[in-house]
Amino acid sequence: MRGLMLFLSFLFYQIGFYPALGTNVPPTLVTDLSKKIISINVNFSGSKFHIFGAVKRGFSQNASIDQPPFDIMIEVIGPPVSLDFFKKERLYGFWINKKIQSFNSMPSFYSISGTKPLEKIVGKKEKKENKIGLFEQIKASENLAIDDNILSKIALTGKSKTTYKQESKPIIFLENTLFSTEIDLPTNLVEGDYLVRIHLIRFKEVLATQEDIIFVKKVGLEQWINYLAHKKPAAYGLLAIFLAIGFGWAASIIFSRKAY
Amino acid sequence: MQIYLPIAEMSVNVFLLVGLGGIVGILSGMFGVGGGFLMTPLLFFIGIPPAIAVASEANQILGASTSGAIAHFKRRTVDVKMGMLLVLGGVTGSAFGVELFGILKDLGQLELIIKICYVFFLGIIGLLMFVESIRALRDIKKNKKRLKKRHHSWMQGLPLKMRFRTSNLYISSIPAVVIGFFVGILASIMGVGGGFIMVPAMIYILGMPTKVVVGTSLFQIIFVTGATTFLHASKNFSVDIVLATLLLIGGVVGAQIGTRLGLRLQSEQLRILLAILVLAMCFKIALELFVAPQEIYLLLRRI
């Protein structure tokens with residue numbers, strides 16, 4: 001008798017009808033990236049990668065928290081860089097740059113995409129609580145009070161169109177379970193770790209967040225030149241000089257039969 | 001075929017760069033003008049960041065001037081002593097210019113200053129070239145030769161006089177150093193060799209004989225662009241070796257073609273076209289400075 005009870009309870013638990021446990025077990029995310037490393041080589045001209053995954057339901061088929069509709073939001077955040085924010089102003093007919101603020105650690109790249117228009121997925125409060133969105137990222141990494149007015153203008157800058165972007169194509173989401181999207185990376189990528197954050201959201205409530213990292217690095221000739229230029233600038237300068245003179249000299253020998 | 005430029009951090013078509021180098025090379029071979037003031041604005045137009053365009057172009061000019069300088073050296077049409085004075089001023093000017101370049105970059109005003117310099121100099125060069133070539137065309141018709149040589153009395157009063165055997169001059173060394181200094185600043189801020197300033201200055205201010213002017217100018221350009229390349233590379237990290245090399249490959253071949261074409265074609269008529277091209281570039285850069293920009297906010301990376 002005891003054995004039967006145990007067996008039944010085990011069975012119920014397995015098929016999800018066991019009431020005491022699992023009522024509030026939220027679904028989780030299983031995700032992966034199509035690439036873990038992006039190499040910048042001689043013929044690099046931007047890159048793409050896929051983010052894909054599935055919603056893994058909890059055990060409580062009855063609990064409303066575990067039922068669709070779900071939404072997915074994906075953020076890709078580049079390594080921090082120092083940036084200056086300027087406003088163009090007219091002075092004696094010229095358009096000059098006037099510095100408004102300096103930032104010490106701004107994301108070098110930021111992309112956000114969702115299964116629906118973003119404002120329909122989460123509200124301001126949830127964004128703040130879960131640090132979702134470019135402004136929240138900047139506020140979190142800058143460690144200083146930034147005027148919201150300035151933040152909203154950053155979104156208007158030319159740089160934002162390629163570097164800080166809201167993806168136009170929505171995330172593909174099948175049967176509230178499987179999702180995938182493609183992120184385009186521009187050519188002017190900063191080397192380092194790109195944080196990928198995937199949020200599972202239901203009626204504006206963030207149920208789960210999964211993080212992953214994609215690593216961008218220069219390889220081969222690009223890596224060598226970059227290393228030399230920044231770490232051994234004097235040697236790099238001399239190399240540039242010798243290379244140029246060498247080419248010029250070679251040209252004068254090749255064409256000397258009929259030169260000048 | 002795209003190639004990634006490691007310092008400019010962008011991807012550009014190889015044939016576009018070699019082609020630009022070639023076209024500018026042909027023009028400079030035909031008209032005997034340095035390619036810098038044509039090439040640097042073209043690099044702006046294809047989206048190379050001005051700071052990198054300027055520093056890499058200085059590197060390219062170094063290579064492009066080498067073969068010419070060698071040829072002049074062999075023919076002994078270089079006034080080495082005068083050249084050394086110009087280099088002394090030039091390298092100092094270049095160091096000053098690179099320092100200024102760094103400060104302007106930190107202030108976020110570098111692009112503005114580079115572009116203002118270009119509008120100013122392209123405007124002047126274009127107009128002078130235009131007027132000169134129209135006048136030359138008229139002179140060809142009237143079959144007369146203009147020969148002007150000016151003597152500046154104020155120069156006779158300056159101290160530190162030196163004898164220049166090759167140029168057959170006995171003048172003060174101060175003007176040469178000052179001219180060199182000025183051209184050195186231009187080289188480092190605009191990415192030009194400065195021949196367009198140097199050649200007239202040598203003829204009209206220093207009074208040097210025409211046959212040594214081009215050779216001495218090239219001699220000076222090599223040292224000054226070499227110093228500029230080195231200083232930009234070590235201070236501003238803005239020399240893109242891949243960019244410079246691709247432009248150079250196109251440039252040296254183009255210059256040879258241009259030299260041969262120049263001998264066959266009536267270059268005075270073509271010079272008007274070059275003048276128009278220069279004025280058009282001046283106009284395009286000026287538009288960017290004066291017309292209200294589409295985006296009034298911008299973010300620049302600090303390095």
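1. Two strands are taken to pair if DSSP finds at least two bridges between them, and on that basis A:Lys88 stands opposite A:Asn97, the latter in strand E6 of chain A. The model discussed here is a predicted one, and the points below should be read with that in mind.

2. As to the overall make-up of chain A, its secondary structure comes to eight helices and 12 strands, and 28% of its 260 residues count as buried. Among the contacts in chain A that link residues at least 6 apart in sequence, 70% are between residues at least 24 apart.

3. The sheet that crosses between the chains deserves attention: three strands form an open sheet in the order E6(A)-E5(A)-E5(B), with antiparallel pairing. Strand E6 (94–107) of chain A and E5 of chain B stand at the edges, each with a single partner strand, so one side of each is left without a neighbour in the sheet. From one strand to the next the twist averages 30 degrees.

4. Within that sheet, E5(A) and E6(A) pair in the antiparallel sense over 11 bridges. Strand E5 (residues 80–91) of chain A also pairs with E5(B), again in the antiparallel sense, over five bridges, and here A:Phe86 stands opposite B:Leu298.

5. Turning to the interface as a whole, 47 residues of chain B are in contact with 53 residues of chain A. On the chain B side, at least two residues each are supplied by several elements, including strand E1 (2–5), strand E2 (10–13), helix H11 (267–290) and strand E5 (297–301), while H3(B) gives the most, with 10 residues. By class, this side of chain B has 27 nonpolar, 16 polar and four charged residues.

6. Helix H8 (residues 233–254) of chain A has a length that agrees with expectation, because its 22 residues should span 32 Å at 1.5 Å a residue and its end C-alpha atoms are 31 Å apart. The buried residues in H8(A) are A:Tyr236, A:Gly237, A:Ala240, A:Ile241, A:Ala244, A:Phe247, A:Gly248, A:Ala251 and A:Ser252. They cover an arc of only 150 degrees around the axis, which puts them on the same side of H8(A). An α-helix has 3.6 residues a turn, so residues three or four places apart point the same way.

7. On the face of H8(A) turned away from its buried side lie the exposed residues A:Ala234 and A:Ile253.

Notes
Residues are numbered from 1 along each chain as its sequence is written. Chains are lettered from A and ligands numbered from 1 in the order in which they are written. This is a predicted model: local features need pLDDT of at least 70, side-chain atom pairs count only at pLDDT 80 or more; totals for chains, interfaces and linings use all residues. Two residues are in contact if their C-beta atoms, placed from the backbone, lie within 7 Å. Helices (H or I, at least four residues) and strands (E, at least two) are DSSP runs, numbered from the N terminus. Ala, Val, Leu, Ile, Met, Phe, Trp, Tyr, Cys and Pro count as nonpolar, Asp, Glu, Lys and Arg as charged, and the others, Gly among them, as polar. A residue is buried if 20 or more other C-beta atoms lie within 10 Å of its own, exposed if 12 or fewer, and partly exposed in between; C-beta atoms are placed from the backbone. Axes are lines fitted to C-alpha atoms, for helices over the stretch in contact, and angles run from 0 to 180 degrees between N-to-C directions. The expected span of a helix is 1.5 Å times one less than its number of residues. The arc is that of the directions from the helix axis to the C-beta atoms.
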